[in-house]
Amino acid sequence: MQKTSDRGPAPPSTTPELLTGQKAIVTGASSGIGRACAIALAEAGADVAVNYRGGAEKAAEVVGEIEALGRRGLAVQADVSKEDDVKAMFAEVIDAFGTVDILVNNAGLQQDAPFAEMTLEQWNKVIGVNLTGQFLCTRAAVAEFRRRGIVPEVSCSAGKVICMSSVHEAIPWAGHVNYAASKGGVMLMAKSVAQEVAPDRIRVNSVAPGAIRTPINRDAWETDEAYEKLMRLVPYNRIGEPADIGRTVAWLASDQADYIVGSTIYVDGGMMLYPGFATGG
Ligand code: NAD
């Protein structure tokens, strides 16, 4: 549904070819933000492995879109919260593409509950995918980046990891304690790994989306009433689109962003500006 407040000049849909010759893995790439990241990386010149947990058809569609752009695409099934799956995924991608230059740790989910009713299963599931999944994939990527080192014709860094965080790495979120804890964990995991591997010329950064129109938060934008309520939290007065995140990720992965190390880039229409205080608090 297109809202009145969505109108305005459209941002560019393509990114200049900043990633020619690079090989990327995007986790959870068969929908939403992950799909947009995979397409944006391919538009910027990268070959892209499309990780999915279930639903091979949707992953195959994204691979088709990547190939239509003239790049190589590869669908790879893996549950990022499982160590053996992650090992097998990296082995498969390195076998097919030769190496990996870019990892986008995007896979994530929510299992919401009032705190006192939250089950250990709900807690463990969200931490397992959103935080442990990013740990397992980042560890595998760093090993490959170190093995290969810098290839100057490809990139001036040895590799890039981009962690999909959230404004909830900083904003507390009642009713979503497991999710906020996972993203707070991603924030300090990414910064700590960044500090540790920067001397190897490996760049680790996070992108923190605000409210983006994807299946994960359909309840927050699907009806007019929900959308108007959501806009009270967004000074820029439009919901974010997956491509807003995809463009940021493609640029952050490129050498244009070579001196950005251990940062979080908020892509949130101003959600981090405490909009409740806009009228004086
Ligand atoms: P989405 O549900 O469309 O995408 C999440 C993807 O992760 C899905 O394709 C899902 O199948 C995959 N996934 C889940 N568990 C997995 C597992 N164990 N292994 C592999 N893949 C798995 O939702 P989205 O909004 O595109 O979310 C993508 C990321 O963006 C998540 O990390 C989410 O926390 C983050 N994020 C989203 C928003 C938003 O407003 N949509 C805001 C902030 C952060």
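How many nonpolar, polar and charged residues does the shell around the ligand have? By class, 13 are nonpolar, 12 are polar and 3 are charged; Ala, Val, Leu, Ile, Met, Phe, Trp, Tyr, Cys and Pro count as nonpolar, Asp, Glu, Lys and Arg as charged, and the others, Gly among them, as polar. This is a predicted model, in which local features need pLDDT of at least 70 and side-chain atom pairs count only at pLDDT 80 or more, while totals for chains, interfaces and linings use all residues. Residues are numbered from 1 along each chain as its sequence is written, and side-chain values use heavy atoms, with hydrogens and water left out.

**Sheet**

- An open sheet is formed by 7 strands in the order S3-S2-S1-S4-S5-S6-S7, with parallel pairing (two strands pair if DSSP finds at least two bridges between them; strands are DSSP runs of E with at least two residues, and helices are runs of H or I with at least four, numbered from the N terminus).
- Strand S3 (73-77) and strand S7 (264-267) are the edge strands, each pairing on one side only.
- From one strand to the next, the twist averages 20° (angles run from 0 to 180 degrees between N-to-C directions, with axes fitted to C-alpha atoms, for helices over the stretch in contact).
- Strands S1 (residues 23-26) and S2 (residues 47-52) run parallel and are joined by 4 bridges.
- Val26 stands opposite Val50 in S2.

**Helices on the sheet**

- Helix H1 (residues 32-43) lies across S1, S2, S4, S5 and S6, running at about 170° to S1.
- Helix H7 (residues 242-253) packs on the sheet and touches S4, S5, S6 and S7 (contact means heavy atoms within 4.5 Å).

**Ligand**

- Among the 28 residues around the ligand, Ile33, Asp79, Asn106, Tyr179 and Thr214 come nearest (a residue is near if one of its heavy atoms lies within 4 Å).
- A backbone N or O atom of Ile33 lies 2.8 Å from a ligand oxygen atom.

Note on methods:
Polar contact = N/O pair within 3.5 Å; in protein donor to acceptor, adjacent residues only side chain to side chain.
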